[in-house]
Structures are given as C-alpha cells and as structure tokens.
There are 2 protein chains.
Amino acid sequence: MYKNIKVIAFDADDTLWVNETYFRDAENEFAKLLSSYETANKIDQELFKTEIENLTYYGYGVKGFMLSMIESALELSNYQINPKKLEQILNIGKAMIDKPIELLDGVEEVLEGLQGKYKIIVATKGDLLDQERKLEKSGILKYVHHVEVMSEKKVADYKKLIKHLDINPDQLLMIGNSLKSDVLPLLELGASAIHVPFHTTWAHEKVTKEQEDAAEYKTISNIKEVLEVL
Amino acid sequence: MYKNIKVIAFDADDTLWVNETYFRDAENEFAKLLSSYETANKIDQELFKTEIENLTYYGYGVKGFMLSMIESALELSNYQINPKKLEQILNIGKAMIDKPIELLDGVEEVLEGLQGKYKIIVATKGDLLDQERKLEKSGILKYVHHVEVMSEKKVADYKKLIKHLDINPDQLLMIGNSLKSDVLPLLELGASAIHVPFHTTWAHEKVTKEQEDAAEYKTISNIKEVLEVL
C-alpha cells in the first residue's frame, strides 16, 4: 500500500509533541483573569469567535492567539480592563512559547526507524520560529530534513507542497492528529495519510461524521504502529 | 561570474514591494496615540528596544510588531493607558496587514525576464501567511516556485536553505535590500548576492562600515539591472 512513498511528512503539534493541552491551560488562565466580567463558558466562546474571525489576519500559532486574547479581553470587559491584566495576558503567551517540549510516546523510536529510508519532513501551520525552536528543544532535529510551514493545510496548500518537493502525490505520506488538516486533503490529492488521534482536538479542527466515514485512511492509536504499517 | 546559478532567491519586503515605509507610518501613529505620556523620540526608542527584546519570542513580522506595540504602550503609560487606545493599536496592525501591495519599479519585468531560466524563489523572514497573501495580491505568484520562510537570515539559516534546495552554494544567487540579511551571510557561504538598497532601512538591519567594506558583492540602484548583470 505504501510502496511508492518517498517523503514522510509529520504534523508537529499534538503529533510529535504536546501542544493543545497548553492552549487549553492558557484559555483557563485567561478565563480566570476575566472572571469578574463573564462566566468561563462565555469567555471561552468569545475567545474562540475572535480567534476564528482573526484567522485570515493572523493565521495559526501563539502570536495570533495572544492578539486574540488581548482583543477579547478589551471587548469582554467593555474596555474597562485594568492594563495590568493585559500584561498578564502577554505573559501567558510568552510562557507558552517558553514551555519545554514533551515528545509523545514512541516519536523518537519511529523517527529513528524511518531514518535513511525516507525523506522526513515536518509540515506544520504554526509559526516557523516557534516550530524550529520546538524541534531544536526536542532533540529530534537530526532526523528531520526540513520544516515546511504552511499557511493553511487545505488541498491547494498540499498541492503546493507536493510541487515544491518535486514528487508525485502517491510518493507522499502524511502522519498527523487532525483528520481535517492532516488526512482528508491528502486523500483527495491521491497522497497517503495515517491518522494518530490526540486526546484533545481544537473545535476548529473537528470534522463531521460524514466526512470521516467517506474517507479511506488508516487510524493508529500510537505513533509506534507506523513502523509496523510501513 | 554568475554562470553556475540555478536558483535565484528574492527577498520580499522592500525588495519586491514597499514594506518598511508602512512600519515607519505605523510607528508615527503609535507615537501620536501615546503623545500624552512621552516625546515621539522616547516612544520610538522604547518601541525599538521592546521589539529587539522580543525577537527571540516573536521573530519578525507584523504580529510580533503588534505585540511589542501593546507591551510598550502598557509600559510607557505606566499601565494607565485607556484600553480604547489599545484597540486602536490592534487596528493599526490590522490595517498594515490589509495594505495594498505596491510593487517596486522593474520587479515584474525582471521576474518575467528570468522566468524559465532559473528557479525563482522568495526567501523572507516575515510571517508565511502575510508573505503569501502579499504574493497573491501582487500578481507575481506565477513567476515564483515557492516561498521560503526563514526564522532568521544568518549563515546557519542559509546553510539550511541550501541543503533544503539540494544545491551547492555557488548555484544560489540572493537579491535583496538588506546587506546584513540578504548579502553578507551568502558571501560567507560561497553563494552570490546582489544588493538593491531601499531608501529606508530598519535600525536592526544596519551594518557597520567595516562589514560593508570587507565584502565583495554587486550593488545596483534599480532591480532592472539584474537582467543586464546575469
């Protein structure tokens, strides 16, 4: 099934290392800071709405998240917020950037097993600086040919990636935790994909049951199974 | 001199299109917003200091600039700033992202002339999303193989780029407006570079007279001269 594969692309956040958990924690801290203005639930909803509205401006990653927290805080407080709290919001973001890297179980083993047999890249829609820093901290840089930062992970973006890599679609295998971003668009292009779910998924990454049922891809529960599959 | 060249990499901001001018305008608006707290000169200095301190966190680009403006505004006002002004700062940033693209004179002509003879890429340290959007707005996407986003433009980063492109250093020609980022590191690696100065240079991009004198590279006053040189 995977006999033509030349390039294996790994999603980064929540595929190689823990990420979404840190966003959930940051959202909780944010809700606590603003608890005098609204309920935690309302604050969560407003922040999510602001993030989605700002996606076309900021794209994905921590910096856009920080800017959306600031904007939401201004609005939720009806511009009454104490500027000191805005400083705390900036600090929540900086602390996220400073977080140590927690590799997911089996990642290093898999990369070591694939090394030399395939060109291994990381394909992410986060910030380049942030992802490069994480790769360096993680100690797995030695296995990775390079990092591809994608502004989006839709069919057109993977088309560009395949052109850029100078390969045919059937020579690419993507491995990632998001059905919407790491699996479905690849199948549409005739590339391969393996789904490794993470325990938390950002609402924006969720797909409908119909989309999920229609697609043909492999789901594994631990990334180590990649070695058996290939 | 340039007979081995296979890949020509163009810097984006202030090489292909106007950019620094928009940052200068934004800084002026920012200084006006805070004029009740400090002189314009002091505000400029503090913002620059904050940007440089935050480079390791945020890297380059509009989003980091916005976050640094927020942080500076909090500090310069001693946390007394009206939250409405912070909203205006967010709007200054969003307006920068929305700016139309003003191609510099000769850019399209040069890209058309080089098309088919070289692989043309854009090598930038801005935000990917922002640069891709600018390329699309600019109408020159058709000439460009892909965009390389670099977290920094130092010798090690160009080494990575050359490895990623699977070429030798002498097959790469970089064309850009920053001596520090687009010229000197390439010469150190044995690659080629052409300098096309823009009328404004961000303080962080300036080099000393000694660095400038020691290097061997061509300076042209209009990008069109690239066609004569090659």
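Tutor: Start with chain A, where the C-alpha centres of domain 1 and domain 2 lie 28 Å apart. The bounds come from an automatic or database domain assignment. This is a predicted model: local features need pLDDT of at least 70, side-chain atom pairs count only at pLDDT 80 or more, and totals for chains, interfaces and linings use all residues. Residues are numbered from 1 along each chain as its sequence is written, chains are lettered from A and ligands numbered from 1 in the order in which they are written, and side-chain values use heavy atoms, without hydrogens and water.

Student: Which residues does the domain assignment of chain A give to domain 1 and domain 2?

Tutor: Domain 1 of chain A is 7–17 + 102–229, and domain 2 is 20–98. Their contact (heavy atoms within 4.5 Å) takes 17 residues from domain 1 of chain A and 14 residues from domain 2 of chain A.

Student: How do I read two packed helices?

Tutor: Two packed helices are described by the angle between their axes and by the distance between the axes. Take α3 (residues 62–76) and α4 (residues 83–98) of chain B: their axes come within 10 Å and cross at roughly 160°. That makes α3(B) roughly antiparallel to α4(B) (angles over 145 degrees, on a scale from 0 to 180). Helices here are DSSP runs (H or I, at least four residues).

Student: Which residues of α3(B) and α4(B) meet?

Tutor: Among them are B:F65 and B:M69 in α3(B), and B:L86 and B:I89 in α4(B). The residues of this contact divide into 13 nonpolar, one polar and one charged. Ala, Val, Leu, Ile, Met, Phe, Trp, Tyr, Cys and Pro count as nonpolar, Asp, Glu, Lys and Arg as charged, and the others, Gly among them, as polar.

Student: At what angle do α1(B) and α2(B) pack?

Tutor: At about 120°, with their axes 9 Å apart. They are therefore oblique to each other. B:F30 in α1(B) and B:L47 in α2(B) are among the residues that meet.

Student: How are two copies of a chain related?

Tutor: By a rotation about an axis and a shift along it. Here a rotation of 180° with 0.0 Å of shift superposes chain B on chain A (RMSD 0.0 Å). The two copies are thus related as by a two-fold rotation axis. The superposition is by least squares on C-alpha atoms of residues with pLDDT of at least 70 in both.

Student: Which residue of chain B comes closest to the rotation axis?

Tutor: B:K63, at 3.2 Å (C-alpha).

Technical notes:
Helix = DSSP H or I, 4+ residues; strand = E, 2+ residues; numbered from the N terminus. Parallel < 35°, antiparallel > 145°, perpendicular 65-115°, else oblique.
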